[in-house]
Amino acid sequence: MSSLPLAEAKNIAQVPHILKITASNGGSGQAKLSSALVSIPNHNTKLKDLDLAGAMEARLQSAPQFGMNDLMPNHEQRESILHQSMIIIVKSLIDHHPEFKHLANNPLLQYKPRRPLPLHFRNQHISVHSVVGKHTTALYTSLINETYTKQLGLDAKMFENSLIPSVNSSAINQAIRKAQIALRRAPQPLTPEQKLITSLQLGPGLLDIMKTFVKASLDNHVGRPDIPGSWSSTFSILNKAHLASGDPKDYHSLLTTLETMMKASFLDCWRTNCGFPSIEAFAASNPTPSALLAIARKIAINHAKRIVPHDRNNPDDAQYASEYDTEECAASDTVFYNGRLGLTTLLRIFILKYAIDDGDIGRAEDIFGVISIALTGGGKDAWAEELFHYIHGVKCLWPEPFADIMRDSLIINIFREGSNAQAADVSKEYLSAYAKYFISAESVEDAVGIVDAFDAWMNRDQPQGCVVQ
């Protein structure tokens, strides 16, 4: 997939696909906007045969009011959030104690699939067009129209009754919404080129959401180095005090450190909750997978503060509550209380991260509403609104076939089978953080081509069908 021709992009454009827009600096330092088309699995019906815009217009007329309460996870999602937390807790034990390695692949100790990418599917990612200039509404409009009409030679009329997923960062989505609002207020009827702009349905860039959620969480929990249990004090213990500043360049190091902190906390929870004087003695008792899950459930509920959020309108709420949730307990042991809050945040971060890595948008969706509310509380309204718009679209606005198309647009797999999946708004610069080989890449396609070539070289002496992981 090192250099797919525009002819292939033209084919992709005629079935459900993702329009992806990224912002960067051009060679002369000028602001630059670039577009790419990305294929989507499971959806091959021609756009001209899908009257999605008409169906959405009908739903708009009867859509109910949608508010913050509608972001709360439903019964199935609440069960999934707890189960994902339990699996993270169990895997923390298995990964760090050799006595439990034999359980690593036990079916009971795996995440339950919710809506995973097809096992053998690999998204095609084709860069199409770039424009340089100040990031105005007119520039976005020009880029989108030129991508389809000038570069791909398509008639804008073919998109008049279509809906096109466009998955981008919050800043780019806001710019596109601004252009759409201006067009909807303009005198009717719209031209085909204008309808192309309004046909875009915007999805949250999960990489952008992850980075913002991590930064908001850091701001909330960092504290001071002299406060026991604060993230800042833990960073100092780990000789990573610089992470407390939240420098964007430290994002990957911060995420790795937070993962270490989470797993270390859960290992300590296993020590105090296993019912034996040591983890070794616990392992010698040969606990069953079911027994491990039962203890993990106890840890998730008692050592993280309401990983499944309180919802008095939900009849199953009591089963997710802990005896430590009372105000009296919080006041009597501030360190323990703050530790519970921190673990809840860490679980939410890594439920989202692991779901993206595994290419399962269903697992990620389970936590979207909770993260949207948390982002609002952290003052990150623009990013909270991205998730709010998405959940509103899935629940109320988009026809069911298109809601599924949007779901399958948020996570992509651009590497060989066995590699990590990525958020759809992945950029070449983000991929560069993984390996020095990407530094020379001019685009996402180049980065993928370098990895493919490296994989082929690594497997040159392997038997047919054997892949080095």
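Which residues of helix 9 are buried? I list Tyr-251, Leu-254, Leu-255, Thr-257, Leu-258, Met-261, Met-262, Lys-263, Phe-266, Cys-269, Trp-270 and Asn-273, where buried means under 20% relative accessible area, exposed over 50%, and partly exposed in between, with a 1.4 Å probe and protein chains only.

**Ground rules.** I note that this is a predicted model, in which local features need pLDDT of at least 70 and side-chain atom pairs count only at pLDDT 80 or more, while totals for chains, interfaces and linings use all residues. Residues are numbered from 1 along each chain as its sequence is written, and side-chain values use heavy atoms, with hydrogens and water left out.

**Whole chain.** I find 18 helices and 7 strands in the protein chain; helices (H or I, at least four residues) and strands (E, at least two) are DSSP runs, numbered from the N terminus. Of the 469 residues, 51% count as buried. I also looked up the contacts, meaning heavy atoms within 4.5 Å: among those between residues at least 6 apart in sequence, 71% join residues at least 24 apart.

**Helix 9 and its partner.** Helix 9 has 23 residues and reaches 33 Å from its first C-alpha to its last, close to the 33 Å expected at 1.5 Å a residue, the expected span being 1.5 Å times one less than the number of residues. Just after this helix, Gly-275 takes a positive phi of about 85°. Helix 7 (residues 206-221) packs on helix 9 (residues 251-273) at an angle of about 65°, with the axes 11 Å apart; axes are lines fitted to C-alpha atoms, for helices over the stretch in contact, and angles run from 0 to 180 degrees between N-to-C directions. I record the crossing of helix 7 and helix 9 as left-handed, a term for a near helix turned anticlockwise from the far one by less than a right angle, with right-handed if clockwise. Met-210, Lys-211, Val-214 and Leu-218 from helix 7 meet Tyr-251, Leu-254, Leu-255 and Leu-258 from helix 9. By class, this contact has 7 nonpolar, no polar and 1 charged residues, with Ala, Val, Leu, Ile, Met, Phe, Trp, Tyr, Cys and Pro counted as nonpolar, Asp, Glu, Lys and Arg as charged, and the others, Gly among them, as polar.

**Helices 13 to 15.** The 24 residues of helix 13 (residues 334-357) should span 34 Å at 1.5 Å a residue, and the end C-alpha atoms are 34 Å apart, which agrees. Gly-359, which follows helix 13, has a positive phi near 70°. The axes of helix 14 (residues 361-377) and helix 15 (residues 381-397) come within 8 Å and cross at roughly 145°, and this crossing is left-handed. Among the residues that meet there are Phe-368, Ile-371 and Leu-375 of helix 14 and Trp-383, Leu-387 and Ile-391 of helix 15. By class, the contact of helix 14 with helix 15 has 10 nonpolar, 3 polar and 2 charged residues.

**Strands.** Next I turned to strand pairing, which requires that DSSP finds at least two bridges between two strands. Strand 2 (residues 31-39) has 7 of its 9 residues buried, so it is largely enclosed by the rest of the structure. Strand 2 pairs with strand 1 (residues 17-25) in the antiparallel sense over 9 bridges, with Leu-37 as the bridge partner of Leu-19. Strand 2 also pairs with strand 3 (residues 125-132), again antiparallel, over 7 bridges, and there Ser-35 stands opposite His-129. Strand 4 (residues 164-168) and strand 5 (residues 200-204) pair in the parallel sense over 5 bridges, Leu-200 being the bridge partner of Ile-164. In a regular strand the side chains alternate between the two faces of the sheet. In strand 4, Ile-164, Ser-166 and Asn-168 point one way and Pro-165 and Val-167 the other way, and all are buried.

**Single residues.** Is Asn-286 buried or exposed? Asn-286 is exposed, with a relative accessible area of 62%; this residue sits in the loop between helix 10 (279-284) and helix 11 (289-303), and its phi is near 55°, a positive value in a residue other than glycine. Arg-306, in the loop between helix 11 and helix 12 (327-332), has a positive phi near 50° and is buried, with a relative accessible area of 10%.
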